[in-house]
Amino acid sequence: MQQREDNTLIGRRLRAAETAFERATEETHHPEAQADGRTPHAAPADVETSSAIAPWSDETAADSPLSVRDLTVAYHRKPVLWDLDFDAPSGGHLIGIVGPNGAGKSTLIKACLDLIPRASGRVQVYGQPYRRNRKRVAYVPQRETVDWDFPVTAIDVVTMGRYGRIGWCLPVSRAHRRAAHEALDRVGMAAFADRQISQLSGGQQQRVFLARALAQDSDVYFMDEPFAAVDAATEKAIVRILRDLRTRNRTAFVVHHDLQTVPEYFDWVLMLNMRLVAFGPTADVFNDENLRRTYGGKLTLLDQATHRWAEAGGPRG
């Protein structure tokens, strides 16, 4: 009886910490988005877009991990994303989201997760609005948007990923705690379970948030720049986890900046510059033409990326 009461108190404390932690985190990032029903400014005319837009299909949407239609997001009436349409493929895939700074990559993820309002458009996860299917979705935010000074341990943060399964006002069972510890172990952080997150290195903090997402045991993962400013060991660990998710028929959408590793890490790629430039298998769409349409005049970087792609002969598993 005493053990059950202790578990209940632990659960309540952790859920209170999660609410405060997420509130503190949310207050540190994105600017306020405009969604007041007024028409945003005209879409940019200097960005070419893909002419192949699949028609909306209820059957397609039901099978797709993510279906987006007519998505527009504006900050202070200035469009950041304009009229996006795409259906992610069913089955396990690693989908890289690439584009220049300010292209709307992080905004796309936040709009899909209802973290910011949309000026227009519809987003579905396996044929249902995100709020109805949120248990099937996990999110790894940018590390710089997290309040790392918040007084919680690594295992506390990972356990927060189990709340969708635990339920509110219920105790944290041994099974849920075991799942949280197993998630930490998968990212090589089991030895740091009781360490305050503020005492961890940047790469270790990123692994903790990846473990939090893994603890949710979701079908769809959104990761916002998980490779940013991490050490080589953490990057290898993230790649290993991503490939394991794909093997288990999970889908991951990953905002990524290193064009040279796109063919190696991702089997699909979404190329974005406010509008959708291209979306499809990496072997088909990650080419010189689409890179130039996405990035404009940064030719040296693009030439290096496409040269590496040609040498690699396609994505490696």
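The crossing of helices α7 and α8 is left-handed in this predicted model. Helix α7 covers residues 202–215 and helix α8 residues 232–247, and their axes lie 10 Å apart at an angle of about 15°. The two helices are therefore roughly parallel to each other. On the α7 side, the contact involves G203, Q206, R207, L210 and L214. Their partners in α8 are A233, T234, A237, I238, I241 and L245. By class, this contact comprises seven nonpolar, three polar and one charged residues.

I turn next to the other neighbour of interest, α6. Helix α6, residues 174–186, has an axis that comes within 8 Å of that of α7, and the two cross at roughly 135°. That angle makes α6 oblique to α7. Here the crossing is right-handed. From α6, the residues A183, L184 and R186 meet V208, A211, L214 and A215 of α7. This contact contains six nonpolar residues, one charged residue and no polar ones.

In soluble globular proteins, nonpolar side chains tend to be buried together. The largest nonpolar core in this model has 51 residues, and those touching the most other members are V158, L184, V208, M223, F227, L242 and M271. Helix α7 supplies the largest share of this core, with seven residues.

What is F227 in contact with, leaving aside its neighbours within four places in sequence? The partners are Q206, E235, I238, V239, L242, V254, H256, Y265 and F266. Finally, there is a second, separate core of 33 residues, with L66, Y75, A111 and L272 among them.

Technical notes
Residues numbered from 1 in each chain as written. Predicted model: local features only at pLDDT ≥ 70, side-chain atom pairs only at ≥ 80, totals over all residues. Heavy atoms only, no water. Axes fitted to C-alpha atoms, helices over the stretch in contact; angles between N-to-C directions. Helix = DSSP H or I, 4+ residues; strand = E, 2+ residues; numbered from the N terminus. Parallel < 35°, antiparallel > 145°, perpendicular 65-115°, else oblique. Left-handed = near helix turned anticlockwise from the far one by under 90°. Contact = heavy atoms within 4.5 Å. Nonpolar A, V, L, I, M, F, W, Y, C, P; charged D, E, K, R; others polar. Core = buried A, V, L, I, M, F, W, Y, C linked by side-chain atoms within 4.5 Å. Buried < 20%, exposed > 50% of the residue type's maximum accessible area, 1.4 Å probe, protein only.
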